[in-house]
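Student: Can we go through some helix packing and ring contacts? Here is the file.
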Amino acid sequence: MMHKLNNLDTNELLSKIQEFKKIDLKTATLEEISMKILETLSCMLVNQSVFVEGTRLYRIRKLSSDLSNMPQTFQDIWHPPADLIKTEGRVNLKGNPMLYTSTEQITPVYECDIKENDCYAIIQYTVKPGQSLIGYTVGVDSKVDGLNEKGIINNKIIEDFILSEFTKPVGKGTEYLYKISNVIARNFMDMPFCDAYVYPSVANYKKGWNVAIKPDSAIRKIDFSCVLICVSKGFGENGQYMFELTHKANALNGDKLIYNF
């Protein structure tokens, strides 16, 4: 693979990327996009991330001010059922849930656009004892020996392309923009023994990382640790994030969350 990057025609790579960007994502099928991606990127560096036992991961759910939608059951703090997945996500297709988490507590605050006085639930998960969660990412901040000057340039071009697709803002009605990141995940990141896809945060770019965990891997390798119900108090003068904790649950009774206060 390194040999290919070292000898890849840089101008041809740039031309293929420009041509790829002309695709009408509204009408293009996943198969068409997949074929075009494979034509555009003949090689790509894939990096492995290992989250060892005890690693903490975080997710946020925005809540109403009256807390009427406060999590009450295991399903409320896990990924949605498959039949409720009506649109694509960044690395999941319709009907194919993923447990979306982040490596830092602050990242999902940005991702969910939590504003001052907003109520939210922050859910903490932990990699189970004796387990390692294996995640893959593609072409992001790769530091690889053996690349010559051309290889380094080509790798940087590919990295920038991948970053632009995985950090592209997507709103309601433009979910078709997720097609590219979905195809990249399926074609390049779905390696043997892959538990999760790792990619940079859109809202906390270059600081936060998201970890989208496959449902089977989540059940086998992830424990629920706690859920905190909070009210955002914004940022202090020194830039520290502030919040008020109103409720906490760190155990389940069957399917029901047990709140301590």
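Student: Which way does α5 cross α6, left-handed or right-handed?
Tutor: α5 passes α6 in a left-handed crossing. Keep in mind that this is a predicted model.

Student: Which residues make the contact?
Tutor: On the α5 side, I162, E165 and F166. On the α6 side, I180, S181, I184 and M189.

Student: And by class, how many are nonpolar, polar or charged?
Tutor: The contact of α5 with α6 has five nonpolar residues, one polar and one charged.

Student: What about the geometry, angle and axis distance?
Tutor: Helix α5 (residues 149-166) packs against helix α6 (residues 178-189) at an angle of about 130°, and the axes are 9 Å apart. Angles over 145 degrees would count as roughly antiparallel and 65 to 115 as roughly perpendicular, so α5 and α6 are oblique to each other.

Student: Switching to rings. How many aromatic pairs are there?
Tutor: The count comes to seven aromatic pairs. One of them is F20 with F161, an edge-to-face pair at 5.6 Å centre to centre, with 85° between the planes.

Student: Where do F20 and F161 lie?
Tutor: F20 is in helix α2 (residues 10-20) and F161 is in helix α5, so the pair ties together parts 141 residues apart in sequence.

Student: Is F20 buried or exposed? And F161?
Tutor: F20 counts as buried, because its relative accessibility is 3% and the cut-off for buried is under 20%. F161 is at 4%, so F161 counts as buried too.

Student: Which residues do ring pairs link into a cluster?
Tutor: Y110, F235, Y241 and F243.

Technical notes: Residues are numbered from 1 along each chain as its sequence is written. This is a predicted model: local features need pLDDT of at least 70, side-chain atom pairs count only at pLDDT 80 or more; totals for chains, interfaces and linings use all residues. Side-chain values use heavy atoms; hydrogens and water are left out. Axes are lines fitted to C-alpha atoms, for helices over the stretch in contact, and angles run from 0 to 180 degrees between N-to-C directions. Helices (H or I, at least four residues) and strands (E, at least two) are DSSP runs, numbered from the N terminus. Angles under 35 degrees count as roughly parallel, over 145 as roughly antiparallel, 65 to 115 as roughly perpendicular and the rest as oblique. A crossing is left-handed if the near helix is turned anticlockwise from the far one by less than a right angle, and right-handed if clockwise. Contact means heavy atoms within 4.5 Å. Ala, Val, Leu, Ile, Met, Phe, Trp, Tyr, Cys and Pro count as nonpolar, Asp, Glu, Lys and Arg as charged, and the others, Gly among them, as polar. Rings of Phe, Tyr and Trp (its six-membered ring) pair if their centres lie within 6.5 Å; planes under 30 degrees apart count as stacked, over 60 as edge-to-face and the rest as tilted. Buried means under 20% relative accessible area, exposed over 50%, partly exposed in between (1.4 Å probe, protein chains only).
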